Amino acid sequence: MDTHPQSEPLGIGERLRNAREARGLTLAAAETLTRIRAVYLQALEEERFDRLPGRMYIRGFLRTYANVLGLNPDELTQAYPQAFTAPEQRIIGALPV
């Protein structure tokens with residue numbers, strides 16, 4: 001009897017990080033290749049989409065990064081649509097009433 005849980009498919013971030021590391025690239029090198037700031041690439045790898053400038057940037061950044069890493073961007077966006085359909089949650093601060 002197999003005591004190991006069924007393996008889950010890798011998330012977007014893990015697939016991106018694994019592909020980058022397999023190519024021997026640092027985030028700084030990936031920044032140069034993609035022309036996307038390393039802080040945004042790191043946010044993609046950590047699946048911290050709230051750290052990106054907005055939903056419309058997520059798809060573009062993901063497509064560019066995936067292409068540079070030799071991954072299929074359509075596969076990533078189709079496999080994880082919830083990452084791109086979450087409502088904007090920009091909270092600036094509560095104002096006193």
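The side chain of Thr77 reaches the backbone oxygen of Asp74 at 3.1 Å, within the limit for a polar contact (a pair of N or O atoms within 3.5 Å; within protein, one must be able to donate a hydrogen and the other to accept it, and residues adjacent in sequence count only if both atoms are side-chain atoms). Thr77 belongs to helix H5, residues 73–79. With a relative accessible area of 7%, Thr77 is buried; here buried means under 20% relative accessible area, exposed over 50%, and partly exposed in between, using a 1.4 Å probe and protein chains only. The model is a predicted one, in which local features need pLDDT of at least 70 and side-chain atom pairs count only at pLDDT 80 or more, while totals for chains, interfaces and linings use all residues. Residues are numbered from 1 along each chain as its sequence is written, and side-chain values use heavy atoms, with hydrogens and water left out.

Seen as a whole, the chain holds 6 helices and 0 strands, where helices (H or I, at least four residues) and strands (E, at least two) are DSSP runs numbered from the N terminus. Its pattern along the sequence is α-α-α-α-α-α. Of the 97 residues in the chain, 33% are buried. Among contacts (heavy atoms within 4.5 Å) between residues at least 6 apart in sequence, 59% join residues at least 24 apart.

The largest nonpolar core has 21 residues, and Leu16, Leu44, Leu52 and Tyr65 have the most contacts inside it. Such a core is a set of buried Ala, Val, Leu, Ile, Met, Phe, Trp, Tyr and Cys residues joined through side-chain atoms within 4.5 Å. Helices H1 (12–22), H2, H3 and H4 (55–69) each supply at least two residues of this core, and the largest share, 6 residues, comes from H4. In soluble globular proteins, nonpolar side chains tend to be buried together. Leaving aside residues up to four places away in sequence, Tyr65 touches Leu16, Arg20, Leu27, Ala30, Thr34, Leu41, Leu44 and Glu45.

Helices H2 (residues 27–34) and H3 (residues 38–45) also meet each other. Their axes come within 9 Å and cross at roughly 110°; axes are lines fitted to C-alpha atoms, for helices over the stretch in contact, and angles run from 0 to 180 degrees between N-to-C directions. H2 and H3 are therefore roughly perpendicular to each other, a label given to angles of 65 to 115 degrees. On the H2 side, Leu27, Ala30, Glu31 and Thr34 take part, meeting Ala38, Leu41, Gln42 and Glu45 of H3. By class, this contact has 4 nonpolar, 2 polar and 2 charged residues, with Ala, Val, Leu, Ile, Met, Phe, Trp, Tyr, Cys and Pro counted as nonpolar, Asp, Glu, Lys and Arg as charged, and the others, Gly among them, as polar.

Most residues other than glycine have a negative phi. Arg35, in the loop between H2 and H3, has a positive phi of about 65° although it is not a glycine, and Arg35 is exposed at a relative accessible area of 78%. Glu47, in the loop between H3 and H4, likewise has a positive phi, near 55°, and is partly exposed at 38% relative accessibility. Gly70 lies in the loop between H4 and H5 and is exposed, with a relative accessible area of 56%. The C-alpha atoms of Gly70 and Leu16, 54 residues apart along the chain, are separated by 9.7 Å.

Terms used. Angles under 35 degrees count as roughly parallel, over 145 as roughly antiparallel, 65 to 115 as roughly perpendicular and the rest as oblique.
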